[in-house]
Amino acid sequence: MEKGIAIDINRHSDPHHYSHNDSHHHSTMTATMTATTATPTATRIGTTIGAVVEGVDFDNLTPEVAEHLNELVLEHAVLIFEGVHASEDQQERFARCFGEPYIYPLTRYANPDGDIWTEFIDTPDSPPEADVWHTDLTWVPDQPKFGILSAEEVPETGGDTMWADLYAAYDSLSPVMQEICENLNVMHQIGRNVLDPVERNAGFAAAAFLRDNYPEIKHPLVRTHPETGRKVLLLAGGFMKCVEGMHPEESDLVLKYLRNHINDPNFHFGWRWKKGDLGIWDERCTNHRGLANHYPQYRKMRRCTVRGSKQFSGI
Ligand SMILES: [Fe+2]
């Protein structure tokens with residue numbers, strides 16, 4: 001738990017699945033993609049979320065293509081583009097299809113004009129640290145809406161990223177439990193599980209900056225996605241501190257149930273990365289975790305994120 005959350009601050013990691021075939025298929029696709037009329041197509045891989053998209057020319061991301069891709073993200077929540085081998089420029093231009101890049105709080109502390117990139121490099125001396133369900137940054141008032149990962153170097157085995165569908169997490173509850181959840185608010189906080197590694201890696205002043213500038217924040221347990229209008233169960237792993245208004249024992253009981261609920265594999269989607277794959281996901285309706293089962297193998301991922309709306313994050 002602690003390590004996983006820490007990753008979102010300092011070094012993160014993420015995505016993987018179990019399919020795939022074919023680099024030559026993609027080469028063919030790329031070679032035929034010079035025409036500007038191609039429309040990206042998505043093939044659903046997961047049961048409720050997750051699709052592989054083909055037919056995108058990353059050097060020709062027109063407004064029409066961008067709009068279509070945004071619709072695909074909203075429909076599938078997670079999109080995978082195989083064998084893209086995106087440069088930083090390509091990944092940034094891809095991110096800008098959906099909005100302004102988001103700069104992480106700790107990056108902003110180090111440099112207000114800091115860059116948009118976070119690299120997650122797993123080595124024998126730097127174990128993977130994102131193997132816990134979470135959504136990124138529910139403790140900031142301007143939670144990013146999309147995460148984007150490029151698989152720079154991948155292990156021979158493992159290192160998948162898993163996503164959980166928060167629409168399905170809500171839909172699978174009984175009507176009675178849905179009604180209970182809709183009347184609850186949860187306090188979210190950065191917590192020691194983030195601050196401790198920040199202190200170790202970036203120093204006390206950096207941790208103090210985060211603690212002082214990001215007080216706990218209240219979110220409804222059930223939110224309405226601002227673009228799809230669907231209800232999501234807002235689960236956020238260790239960022240959930242307590243249920244507002246409940247006695248501690250009551251709050252602990254509810255949060256324990258919710259943290260277990262996200263483990264239902266019926267609404268999971270996983271991806272085993274191949275080198276050069278690119279993934280994008282909607283932070284507002286998913287949880288994710290980067291499996292640690294490739295340790296001590298080397299793995300390198302490059303992330304950027306897209307800004308969300310303040311209105312959606314707080315109440
Ligand atoms: Fe994350």
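Biologist: How do you know which features to trust, and how are residues numbered?

Modeller: Numbers start from 1 along each chain as its sequence is written. In this predicted model, local features need pLDDT of at least 70, side-chain atom pairs count only at pLDDT 80 or more, and totals for chains, interfaces and linings use all residues.

Biologist: What makes a run a helix or a strand, and how many are there?

Modeller: DSSP runs decide: H or I over at least four residues is a helix, E over at least two is a strand, numbered from the N terminus. The protein chain has 11 helices and 16 strands.

Biologist: Why are S13 and S15 called edge strands?

Modeller: The open sheet runs S13-S7-S15, with antiparallel pairing. Strands pair if DSSP finds at least two bridges between them. S13 (268-271) and S15 (286-290) each have a single partner strand, so one side of each lacks a neighbour in the sheet.

Biologist: How do you know that S7 and S15 pair?

Modeller: S7 (residues 161-165) and S15 share 5 bridges, in the antiparallel sense. The cut-off is at least two, so they pair. Aspartate 165 stands opposite threonine 286 in S15.

Biologist: What makes a residue buried, and what percentage of the chain is buried?

Modeller: Buried means 20 or more other C-beta atoms within 10 Å of its own; 12 or fewer means exposed, and in between is partly exposed, with C-beta atoms placed from the backbone. Buried residues make up 43% of the 315 residues in the protein chain.
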